[in-house]
Amino acid sequence: MKTFEELGVAANIRKAIEEMGYENPMPVQEEVIPYLLGETNDVIALAQTGTGKTAAFGLPLLQKIDVKENVPQALILCPTRELCLQIASDLADYSKYIEKLRVLPVYGGSSIESQIKSLKRGVQIIVATPGRLIDLINRKTVDLANIRYVVLDEADEMLNMGFMESIDAILEKVPEERLMLLFSATMPKEVAKITRKYMNNDPKEITIGRKNEGSSTVKHVYYMVHAKDKYLALKRIADYYPSIYGIIFCRTRKETQEIADRLIQDGYNADSLHGDLSQAQRDYVMQKFRIRNLQLLVATDVAARGLDVDSLTHVINYGLPDDIESYTHRSGRTGRAGKTGTSISIVHLKEKGKIREIEKIINKKFEQGVIPSGEAICEKQLFSLVDRIEKVKVNEEEIADLLPSVYRKLDWLEKEDIIKRVMALEFNRLIEYYRDAEEIDTPQERSSRDQKEYPRRKDRERNDRSSGGRTAERGYSRLFINIGRTDNVNPATLMGLVNDFVPDKISIGRIDIMQNFSFFEVPERDVQKVIKSLNRQEEKGRRISVELAQGNPSPRNNYNAQRFDRDRGMKKDSGSRNQNQKNSDKGHRKGNRKPKFS
Ligand code: AMP
């Protein structure tokens, strides 16, 4: 291994980095620095964040800048404001002992006027996000005619974010005889295209770690669920890992906000991070997450990019990203700094193919996880609490004064009783929630033969629906109603519903609650009254539909299963199903303590 001195790094820069604790070069620095100091080659470096890439390009650039010339000589393009600030601040640290060297970060979301003023005063290195730089170029307030070095940092991310055109427009303004460095965690086709288009000084390709390989400290797990169960599965996973500290990646800003809102409503320590928030809001959330005051960050790929956090226990993909390369970025956020991490993907059947594609890219197999049962979750949480009770540091002095009266008050209880009560305080809600919660089905890929032999539950129910599998008792008629367990209906709520909407007191016979609908029996003479009173009423945002079930000895025995299917579909589209889903997912964590980290 070479020293920084042997790599040719100047004494004034070495002094600064030594003070920062850099004793020896990291592999990417050892490879890149000589090329840049030699000044003959472009460099394509496949390296992730955390490998030391900023110093790899930063140290030689600083050394190459002519401080006597007060014009921009080096341009560093990067995808986000946070990375932009990070790079500029690193460069400022490295150049602590280089007099008159000025670095300017240029990024959207802050005052363009003050950036223009700084540019007028003169800078030698510009670190910029493409959008804002284009803005400055259009205002003719930045001069790129003397640029000799261009760095594209996190090139794959910049392209993911749609900066290709901006990069083209910027590079057009830069002289052709410049050296160019490109850093990227992955090498999708688009990045390779840039290297071919712009890098013609005998480019050297450097790979730190194996190409495209997912970090070996990351375990990849997928959970296969029906699309409608995704959120419930997410909650179960969050419940199963009481000390989880992770990012939940969603595909859109809207979905990000929705999931965060639902988690917050359900009592989780969660918040959202996406582009619809103001910069101040984003900074606040990121800071909260960094200092671990926030346990679950729900984010879009783009917004999470600027967040450098090393100790995530989990990354959760709420559905797989459209672009498989993004998966590498997401999962690379856990298992860092020598720690292990898990990248969890909650997927539905249609995404199975993507899992296989990703496996090829990361050169690693996914494990298929089984959504934890309610029982397993309760047990896990219980032992986590016991663990916390064992480990908690008791501040004797602070509570000393209060203890005698507490002891006195609890004197009548045995130790075992006290333990039981502490458990009950923490667990009653959780246990109640999971006692009634349906287990989540794993959808199976089946051959058509299998499907014939083993109809899915939905199909079984549909077959049953016409009769509900029963005939009514004598003197009673059996009615069908389009709400079921999914809508949080149980016999008591159904009786309450009939009592609320039917003006006279009705005697209700047998009740059968199915997954998506239910049957109940009422005296034959009351059938029309019940149907008339209940039909078209709203329950939890859902239009109720009641009819005589097939198999009833009645002239109106024309129940048509398909029609109900259509009804459900229409209502689903109108958003009422969502409302019901929300109700059925009622948060058991609500009101609980905010989960703390162990
Ligand atoms: P980067 O990949 O540029 O974000 O760097 C990752 C981390 O490594 C940063 O905290 C750097 O300050 C640190 N770092 C970079 N080079 C060295 C080095 N040679 N020795 C020790 N730490 C370093």
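This is a predicted model: local features need pLDDT of at least 70, side-chain atom pairs count only at pLDDT 80 or more; totals for chains, interfaces and linings use all residues.
1. With four residues between them, β16 and β17 form a hairpin.

2. Strand β17 has another partner to look at. Six bridges join strand β15 (residues 476-481) to β17, again with antiparallel strands. To find your way along this pairing, look for S477, which stands opposite V522 in β17.

3. How enclosed is β17 (residues 518-523)? Six of its six residues are buried, so the strand is largely enclosed by the rest of the structure. As a reminder for viewing it, side chains in a regular strand alternate between the two faces of the sheet.

4. Please take a moment over R478, which is found in strand β15. R478 counts as buried because its relative accessibility is 1%, under the 20% cut-off. Which side chains does the side chain of R478 meet in polar contacts? One is the side chain of D512, at 2.7 Å, and another is the side chain of E521, at 2.9 Å.

5. Moving on to the helix, α17 (residues 374-391) has 18 residues. From its first C-alpha to its last α17 reaches 26 Å, close to the 26 Å expected at 1.5 Å a residue. Buried residues in α17 are G374, I377, C378, Q381, S384 and L385. They cover an arc of only 130° around the axis, which puts them on the same side of α17.

6. What do the buried residues of α17 pack against? Their neighbours are α11 (230-240) and α20 (415-436). The face turned away from the buried side of α17 carries the exposed residues E375, F383, E390 and K391.

7. Two backbone angles deserve a look. Most residues other than glycine have a negative phi. K100, although not a glycine, has a positive phi of about 65°. Where is K100? It lies in the loop between α5 (81-94) and β3 (103-106). With 64% relative accessibility, K100 counts as exposed, the cut-off being over 50%.

8. D202 is the other residue to check here: D202 is not a glycine, yet has a positive phi of about 40°. The place of D202 is in the loop between α10 (189-198) and β7 (204-207). Is D202 exposed or partly exposed? At 46% relative accessibility, D202 counts as partly exposed.

9. Finally, the cysteines. How many disulfides does the structure hold? The count is zero. C78 is in no disulfide, and the nearest cysteine sulfur, that of C84, is 4.5 Å away; a disulfide would need the sulfur atoms within 2.5 Å. C78 counts as buried, because its relative accessibility is 0%.

How values were computed:
Residues are numbered from 1 along each chain as its sequence is written. Side-chain values use heavy atoms; hydrogens and water are left out. Buried means under 20% relative accessible area, exposed over 50%, partly exposed in between (1.4 Å probe, protein chains only). Helices (H or I, at least four residues) and strands (E, at least two) are DSSP runs, numbered from the N terminus. Two strands pair if DSSP finds at least two bridges between them. The expected span of a helix is 1.5 Å times one less than its number of residues. The arc is that of the directions from the helix axis to the C-beta atoms. Contact means heavy atoms within 4.5 Å. A polar contact is a pair of N or O atoms within 3.5 Å; within protein, one must be able to donate a hydrogen and the other to accept it, and residues adjacent in sequence count only if both atoms are side-chain atoms.
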